[in-house]
Amino acid sequence: MLRDLKDWCARRPLLPPEGGRLLTHSSDVRMVIWAMTGIEVVTAVVVDAMIPPAFRPLHIFWEVILLVLCLGFCAMTARAPHVIEGGVLRLRTGPFRELIVPLAAVKSLRIAHGGHPGRGLRRVPGDAGGGAGEGEGAEGDVVAYSVSSATSVVLELIEPLPVRPRRGGCLRARWVHFAVDEPGEAVRAIRQAIDGVGEVV
């Protein structure tokens, strides 16, 4: 986290891999964190004027830790975009491990805004077919992978992909919901990457 925060504060550019593409995500979450951080700073100034002088160093220390955690979270998500490279789509969230999806395994892909409680990689209960309106009765689990509950793109795989969520045992993912800042651009970029690998709907 500290390395990401240092690079983020230094405005070091994120360079895509050769022949690859970066897909940013979670800008809405960072906006909320920024707003909460601003409120916290204002509140901290008011509280610091009210508490006894003997406790102020401890209060300042706590506020600094809190500020570093908030900014660190923003840095981790900003500097861990999804990556299209080498025939795979690497879904990343920063604080959580990445999910690698082979492009040749993608059957269909579309924009699908939705909300799935939780964060990181998790199973989406009661959503057979991934909400995609196709593949009824097909075997496999529906999973979501995002920093917050919001997702904006869903892809269907030709065959279920073994994945291990943050909680629970191994799943066989057939549909994957994930979040990007620009869903239309992301769908186009993924489809272009698949052109030489396989066929996607």
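Let me begin with a definition: a residue counts as buried when its relative accessible area is under 20%, as exposed when that area is over 50%, and as partly exposed in between. I shall apply these terms to a model that is predicted.

Cys74, by contrast, has a relative accessibility of 1%, so it counts as buried. For Cys9, the nearest cysteine sulfur belongs to Cys74 and lies 10 Å away. For Cys74, the closest cysteine sulfur is in Cys70, at 7.3 Å, which is too far for a bond because a disulfide requires two sulfur atoms within 2.5 Å.

Next, the helices. Helix H2, residues 27-50, and helix H3, residues 56-78, have axes that come within 10 Å and cross at roughly 170°. The two helices are therefore roughly antiparallel to each other. Among the residues of H2 that make the contact are Val29, Ile33, Trp34 and Val47; H3 contributes residues including Leu66, Leu67, Cys70, Phe73 and Cys74. By class, this contact of H2 with H3 has 14 nonpolar, three polar and five charged residues.

Let me now consider Pro17, which is found in the loop between helix H1 (2-9) and strand S1 (21-23). With a relative accessible area of 24%, Pro17 is partly exposed. Leaving aside residues up to four places away in sequence, Pro17 touches Leu22, Val83, Ile84 and Glu85.

In what order do the five strands lie? They form an open sheet in the order S5-S8-S9-S7-S6, with mixed pairing. The edge strands are S5 (106-115) and S6 (120-123), each of which pairs on one side only. On average, neighbouring strands are turned by 30° against each other, direction ignored. Within the sheet, strand S7 (residues 141-146) and strand S9 (residues 171-178) run parallel and are joined by five bridges. Ala144, for instance, has His177 of S9 as its bridge partner. Helix H4, residues 183-194, packs on this sheet, where it touches S5, S8 (150-163) and S9. The direction of H4 makes about 170° with that of S5.

Terms used. Residues are numbered from 1 along each chain as its sequence is written. This is a predicted model: local features need pLDDT of at least 70, side-chain atom pairs count only at pLDDT 80 or more; totals for chains, interfaces and linings use all residues. Side-chain values use heavy atoms; hydrogens and water are left out. Buried means under 20% relative accessible area, exposed over 50%, partly exposed in between (1.4 Å probe, protein chains only). Two strands pair if DSSP finds at least two bridges between them. Helices (H or I, at least four residues) and strands (E, at least two) are DSSP runs, numbered from the N terminus. Axes are lines fitted to C-alpha atoms, for helices over the stretch in contact, and angles run from 0 to 180 degrees between N-to-C directions. Contact means heavy atoms within 4.5 Å. Angles under 35 degrees count as roughly parallel, over 145 as roughly antiparallel, 65 to 115 as roughly perpendicular and the rest as oblique. Ala, Val, Leu, Ile, Met, Phe, Trp, Tyr, Cys and Pro count as nonpolar, Asp, Glu, Lys and Arg as charged, and the others, Gly among them, as polar.
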